[in-house]
Amino acid sequence: MDKYYSIKEASELIGVTAQTLRNWDKTGKLKPHHVAESGYRYYSQGQINLVTGKKVNLKRLTVGYCRVSSSKQKDDLERQIENVRTYLISKGKPFEIITDIGSGINYKKKGLQELIRKITNGQVNKVVVLYKDRLLRFGFEIVEYIASLYDCDIEIIDNTEKTGQQELVEDLVQIITVFSCKLQGKRANKARKIIKELMDDDKVDKSDVAPK
């Protein structure tokens, strides 16, 4: 388990002042691992290792991340895993693969949260995905920025635009569904009509994205 240090302890270990760490936080050079409800900043052992270079974490791995939107796409998930695994084996470096089944707009997926936790603990030097939208359909740049703060790169194997129409429609339906729940009267009815048309036209799995 990673150890965490207060800003005073971290500044002493790194060899800078606490004010310097505050400045690095503001500029994005080094963000604290987390900030407690009290407002105190805490830094992880992994971050200290990366900044000082005094204790290299030999367990830093490359992580392949593979995702599909629903359990119906397990065959696609297996193909992703095989492609990513073959690519990583060719690089000859230690790696592991994290998988997810969930929408590209769902930020609470178990695998995604595990990936971010490993990155912020300084355990990952590179994340490899087959296509950009396999990580997230919206918000890729946010995860990429977080990774950069921990000296972690994100590599996309295939930059070809590849977006399954049905999966894209399912994600759009989920977005509309969320907002329609906050609407009333004619606007809510209009939103529900749009959802129904999308589902009918593209044969979206109603069990996954049925409007409430």
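Modeller: Let us begin with burial: a residue counts as buried when its relative accessible area is under 20%, and as exposed when that area is over 50%, with partly exposed in between. Please note that this is a predicted model. By that criterion, the buried residues of helix H5 (residues 110–120) are Gly111, Leu112, Leu115, Lys118, Ile119 and Thr120. Of the 212 residues of the chain, 39% count as buried.

Colleague: What covers the buried residues of H5?

Modeller: The cover includes strands E3 (41–44), E4 (61–68), E5 and E6 (124–129), together with helices H6 (132–135) and H7 (140–149). Just after H5, Gly122 has a positive phi of about 75 degrees.

Colleague: Why is Lys118 called buried?

Modeller: Its relative accessibility is 18%, and the cut-off for buried is under 20%; Lys118 therefore counts as buried.

Colleague: What makes the pair Glu96 and Lys118 a salt bridge?

Modeller: The N to O distance between their side chains is 3.8 Å, and the criterion is a side-chain nitrogen of Lys or Arg within 4 Å of a carboxyl oxygen of Asp or Glu. The pair links distant parts of the chain, since Glu96 is in strand E5 and Lys118 is in helix H5, 22 residues apart. Glu96, at 24% relative accessibility, counts as partly exposed. The structure holds eight salt bridges.

Colleague: Which parts does the salt bridge between Lys126 and Glu155 tie together?

Modeller: The side chains of Lys126 and Glu155 meet at 3.1 Å, N to O. Lys126 belongs to strand E6 and Glu155 to strand E7 (residues 153–156), so this pair ties together parts 29 residues apart in sequence. Lys126 is partly exposed at 28% relative accessibility, and Glu155 is partly exposed at 21%.

Colleague: How do you know that Asp100 has no salt bridge?

Modeller: The nearest side chain of opposite charge, Lys109, is 5.0 Å away, whereas a salt bridge requires a distance within 4 Å. Leaving aside neighbours within four places in sequence, the residues in contact with Asp100 include Cys66, Arg67, Val68 and Leu77.

Colleague: Why is Gln80 called buried?

Modeller: Gln80 has a relative accessible area of 2%, to be set against the limit of under 20%; the residue is therefore buried. Gln80 is in helix H4 (residues 74–91). Not counting residues up to four places away in sequence, it touches Cys66, Arg67, Val68, Leu130 and Arg134.

Colleague: Why are H1 and H2 called roughly perpendicular?

Modeller: Two packed helices are described by the angle between their axes and the distance between the axes. Helix H1 (residues 7–14) and helix H2 (residues 18–27) pack at an angle of about 100 degrees, with their axes 8 Å apart. Angles of 65 to 115 degrees count as roughly perpendicular, and H1 and H2 therefore receive that description. Where they meet, Ile7, Ala10, Ser11 and Ile14 in H1 touch Ala18, Leu21, Arg22 and Trp24 in H2.

Conventions
Residues are numbered from 1 along each chain as its sequence is written. This is a predicted model: local features need pLDDT of at least 70, side-chain atom pairs count only at pLDDT 80 or more; totals for chains, interfaces and linings use all residues. Side-chain values use heavy atoms; hydrogens and water are left out. Buried means under 20% relative accessible area, exposed over 50%, partly exposed in between (1.4 Å probe, protein chains only). Lys and Arg count as positive and Asp and Glu as negative; His and the chain ends are not counted. Contact means heavy atoms within 4.5 Å. Axes are lines fitted to C-alpha atoms, for helices over the stretch in contact, and angles run from 0 to 180 degrees between N-to-C directions. Helices (H or I, at least four residues) and strands (E, at least two) are DSSP runs, numbered from the N terminus. Angles under 35 degrees count as roughly parallel, over 145 as roughly antiparallel, 65 to 115 as roughly perpendicular and the rest as oblique.
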